[in-house]
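Colleague: Can you walk me through the cavities and what sits around them? Please put the model up before we start.

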Amino acid sequence: MKKNVLFNFVVFVVALSCFTNCSPENDGLPASEDPVTLSIVDKQATSETKALLANLWDIQKKGFMFGHHADFYMGRDWLYDKTKTQSDTYNVCGDYPGVLGIDFAKMIDDRYSDSKEHNEKLRDCCLDAYRRGMVILACIHINNPLTGGDGGELIPIIFRPFHEHTDPWSWWGSTCTTEKEYISLWRFTVEYLRDIKGVHNFLYAISPDMNKMGDDSDILYRYPGDNYVDFIGIDSYVGLNNNIFVNNLKALVRVSKSKLKPCGVTETGVEGFQASDYWSTNILAPLTGRQISMVVTWTNEYGPSDLGNHYFSVFPGHPSEKDFIKFFNNDLTFFCNDLPQMYEMLDCVSID
């Protein structure tokens, strides 16, 4: 059974993998493709960052990584503790997610009184995730600039700035910027980080909001260009409506294949859900047969009194706990200990 824990991850990912490079796919998915060359935004990206891009493309032929936002930072009845890595996911299934979602907001602006403490904790969470071989996905709920720690190693990050730009609620959103302004903002950000600040450990991910029935044009709304995007995501909060979710997943895969860029569901979930079969019915079933690298649920907010309902994933005692274990044991789902060496280059994928 693939979920047996054969070894623990310590310090750095050991040179073992449950897959050989470009190994055959799981039953029911398309046969292996010929070697492919992917384009990367940053031609000077670190070797591990290039390898991550290659592995994101390859893993979506085998299944998809499960991810959870802030999984190491907070859970329903705990907050970050430097002495140990806590995780609602681990507390249910005995393994960590394949993808850790984080937010860079407090690193950028000073609206929070606890920014310094938060950043130290976030740095530790990222280091922990990297050393376990996990993938790190970062959004940035940054303040409007008009109105208002280094770990010693360059950890690859999938960076998705200005996310959900298709909606009006952010200052970079659909009612606050023109198409030209948004594209200029995106390109300026990439060029500033890459060319001026020398940041070479980022993959750049776009993630429009797809909360209703959409198509390829919705995913490509205000698209800044192939030379400025490495990864195509969607944030898709559709409740328990599988018809909408499947439709949007199909559109995502079409765009991914047409652009030769890996793709994934960068945010999803149902706030305060109670469905006991949620993972089998509303996540696994829609994603089965799709070539998508990841599905990432939003955070479980700290709520020890159990009075709040701001949670989007499983935790001990939740009605979907048993179904999540079935989801975890499915061969299509990749958790931390299932991952191949995500930071080692593959033979069948080259990066231009």
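**Cavities and their surroundings**

Modeller: The largest cavity has a volume of about 50 Å³. A cavity here is a set of points on a 1 Å grid over the protein atoms alone, where a 1.4 Å probe fits but cannot get out. Grid points are joined across faces, edges and corners, and the volume is the space filled by probe spheres set on the points. This is a predicted model: local features need pLDDT of at least 70, side-chain atom pairs count only at pLDDT 80 or more, and totals for chains, interfaces and linings use all residues. Residues are numbered from 1 along each chain as its sequence is written, and side-chain values use heavy atoms, with hydrogens and water left out.

Colleague: Which residues line the largest cavity?

Modeller: Val238, Gly239, Leu240, Asn241, Asn242, Phe245, Thr268, Tyr278, Asn282 and Ile283. Lining residues have an atom within 4 Å of a point. Two or more residues each come from α7 and α8. Helices are DSSP runs of H or I, at least four residues, and strands are runs of E, at least two, numbered from the N terminus.

Colleague: Which element gives the largest share?

Modeller: α8, with three residues.

Colleague: How many of the lining residues are charged?

Modeller: None; five are nonpolar and five polar. Ala, Val, Leu, Ile, Met, Phe, Trp, Tyr, Cys and Pro count as nonpolar, Asp, Glu, Lys and Arg as charged, and the others, Gly among them, as polar.

Colleague: Back to α8. How many of its residues are buried?

Modeller: Seven of 10, over residues 278–287. Buried means under 20% relative accessible area (1.4 Å probe, protein chains only). Tyr278, Asn282 and Ile283 are among the buried ones, and these three also line the largest cavity.

Colleague: What covers them?

Modeller: The cover of α8's buried residues includes β2 (64–69), α7 (242–259), β10 (263–268), β11 (294–297), α9 (321–329) and β12 (333–334). After α8 comes Gly289, with a positive phi near 85°.

Colleague: New topic. What lines the second largest cavity?

Modeller: His69, Gly101, Ile102, Leu137, Cys139, Arg160, Thr266, Val296 and Trp298. Strands β5 (99–103) and β6 (135–139) each give two or more residues. The space is about 30 Å³.

Definitions and conventions
Buried < 20%, exposed > 50% of the residue type's maximum accessible area, 1.4 Å probe, protein only. Contact = heavy atoms within 4.5 Å. 1 Å grid on protein atoms, 1.4 Å probe; cavity = no way out; pocket = protein on both sides within 12 Å on 5 of 7 lines; lining within 4 Å.
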